[in-house]
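Open your viewer and get ready to click along.

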Amino acid sequence: MTTPQILSVVTLIAMMAMFVWGRFRYDVTACIALIAAVALGVVAPADAFKGFSDDIVIIVASALVISAGVQRSGIIELALSLTASRLTRVRTQLLALTVTVGVASGLVKNVGALAMMMPAAFQMARKSKVSPSVFLMPMAFASLLGGLTTLVGTSPNIIVSRVREEMTGKPFGMFDYFPTGFGLLVGGLAFLAFGYRLIPRDRRAPPDLSDALDIRGYCTEASIGEGSPAIDEMAQDFAARHQGEVTIVSVLRGRLRSSASPFTVLRKGDTLILTGEPDALERAIAHDRLSLAGQDREAPKGAEGDEVAVVEVVVNASSSLIGQTAERLRLQQRHGVNIIAISRSGERLPRQLGATALRAGDVIVLQGPRSILPEKMRHLGLLPLADRALRLGSARAGWLPLIILAVAMIATATGAVPVAISFFAAAGLIVISGALTLRDAYDSVEWPILVMLAALIPVSDSLRATGASQIIATHLATVATALPGWGAVMLIMVVAMAVTPFLNNAATVMVMAPIAAVFAKDLGYRPEAFLIATAIGAGCDFLTPIGHQCNTLVFGPGGYKFTDYARLGAPLSLLVVLAGTPLVLWAWPLH
């Protein structure tokens with residue numbers, strides 16, 4: 001090997017060692033590797049930052065924004081909730097959750113699909129009186145399997161498509177991954193429907209601040225508008241339709257207020273005092289087309305164009321709000337903020353929010369222009385709680401994000417528009433249409449992942465540029481000469497699967513895909529099967545919580561231990577290797 005080849009390999013080995021060491025975050029490690037590669041001369045200074053303009057970075061960032069928009073729409077969550085009343089057994093609930101996550105992961109980034117379905121998992125866990133850990137890990141694994149079905153489901157698919165385009169001039173299409181991915185998804189879902197019993201049942205997340213403060217029982221006020229399904233419905237039917245998660249405390253009809261009996265018939269124009277958890281209240285208000293109290297009030301002068309935000313705060317012992325009502329203080333007129341929900345240790349508050357006298361320790365949801373909220377909270381003596389996402393008081397965009405996504409996927413699948421352009425335009429339209437605020441769009445992008453990808457592109461490309469990948473692939477080909485074609489494909493899949501737990505899945509593909517392509521060429525095979533096998537191996541990290549964001553996302557909420565992943569993931573990994581190899585060879589012949 002030449003000196004540049006040796007330096008390129010040494011740089012990559014050192015980078016992988018730093019990933020395993022974990023002293024620095026993965027994006028910092030990638031940047032260190034890039035700086036080292038430039039200093040050693042294996043990456044030209046002019047090529048050091050070409051990764052930031054690569055299509056991969058644009059596609060991944062756009063897919064994350066689109067995922068956030070679809071998640072915010074609540075459509076998939078609503079579709080699942082319509083069948084929730086019929087799902088009474090843990091296995092059927094698990095199957096519904098994993099199927100939904102698996103299918104959604106083919107349409108949006110798998111981590112976005114998982115995030116949008118996690119609240120439904122917690123609801124079903126409470127309903128069945130089981131730990132959420134029963135659902136969360138299988139859902140994470142289903143999202144990984146579902147991501148294998150389309151180009152945009154997971155980053156490895158996007159990366160191997162780029163490698164194929166460099167080799168053959170033609171990238172993988174949107175649904176080229178579907179034959180192998182769908183087969184693995186079906187087999188994986190069947191395994192998870194029974195294998196979930198391998199997860200220890202005593203795993204639970206530690207209690208957080210919201211549990212300690214008992215802020216589950218919020219009361220809010222909403223009016224029944226035109227076309228609401230709640231019109232002419234009895235109060236008990238309203239509660240049953242929302243699985244008992246939202247109940248009506250009282251009904252205001254004109255100037256008359258009455259406690260809601262199970263047989264109270266709701267009318268158009270009624271104002272309802274509702275109680276429930278914030279997410280449950282938000283779903284009920286959105287689904288039943290109710291108008292939240294104070295939602296349409298004008299913003300104060302100077303903040304007309306500002307983004308409306310909601311925040312959870314607790315009334316301090318020295319707050320000027322104690323003993324006062326929002327109506328008496330004229331909060332909206334004088335301060336430009338609204339109280340849209342109140343929690344008082346689970347107590348039901350029958351009065352309208354504006355007529356409820358506040359007490360020290362009350363937890364309230366405050367709504368107002370984002371720019372003035374911090375100042376008003378200090379002025380009113382309100383203390384912010386630990387930050388958590390609240391959708392109560394914010395609008396949903398309905399079907400619009402899904403329509404935009406469908407158009408983008410059709411444009412990409414037909415070849416009318418390149419993937420990067422199509423998804424970048426879709427992300428822009430979701431923000432422009434108001435389906436996602438600009439702040440939420442930026443928050444949804446995983447910037448460390450993008451920095452890591454951009455830094456790794458020139459580093460991994462140094463293997464090809466120096467000819468090191470050719471030498472490594474030749475050595476692998478020498479080892480694999482005694483193997484049949486299916487054995488060579490299985491070898492690549494197993495190597496990628498073994499490396500992924502120690503690296504990020506995208507980093508694994510950046511290193512492995514070029515080697516796999518040259519490996520196939522040296523053996524006299526077409527590269528497609530080996531590239532697909534690399535994507536499958538890198539996308540199926542079921543053994544640790546650190547190899548993929550989906551596994552990390554459920555690690556804390558599920559209360560899992562590190563070794564729990566291998567209990568369920570090891571047999572699933574074996575299934576993927578044994579079923580994936582023939583599926584790859586069937587869909588992508590070697591000759």
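**Stop 1: two packed helices**

Helices α21 and α23 cross in a right-handed way (the near helix is turned clockwise from the far one by less than a right angle). This is a predicted model, where local features need pLDDT of at least 70, side-chain atom pairs count only at pLDDT 80 or more, and totals for chains, interfaces and linings use all residues. Residues are numbered from 1 along each chain as its sequence is written, and side-chain values use heavy atoms, with hydrogens and water left out.

Select residues 485-499 for α21 and 528-539 for α23: their axes lie 7 Å apart at an angle of about 30°. The two helices are therefore roughly parallel (an angle under 35 degrees).

Now show the side chains that touch (heavy atoms within 4.5 Å). On α21, pick among others Ile-492 and Met-493; on α23, include Phe-530 and Ala-533. This contact has 11 nonpolar residues, two polar and no charged.

**Stop 2: the whole chain**

Zoom out to see 25 helices and nine strands (DSSP runs of H or I, at least four residues, and of E, at least two). Of the 591 residues, 54% count as buried (under 20% relative accessible area, with exposed over 50% and partly exposed in between, using a 1.4 Å probe and protein chains only).

**Stop 3: two loops**

Select Asp-232, in the loop between β1 and α11. Its phi is near 65°, a positive value in a residue other than glycine, and Asp-232 is exposed at 54% relative accessible area.

Last, find Arg-289 between α12 and β5. Arg-289 also has a positive phi, about 55°, and is partly exposed at 48%.

Technical notes. Axes fitted to C-alpha atoms, helices over the stretch in contact; angles between N-to-C directions. Parallel < 35°, antiparallel > 145°, perpendicular 65-115°, else oblique. Nonpolar A, V, L, I, M, F, W, Y, C, P; charged D, E, K, R; others polar.
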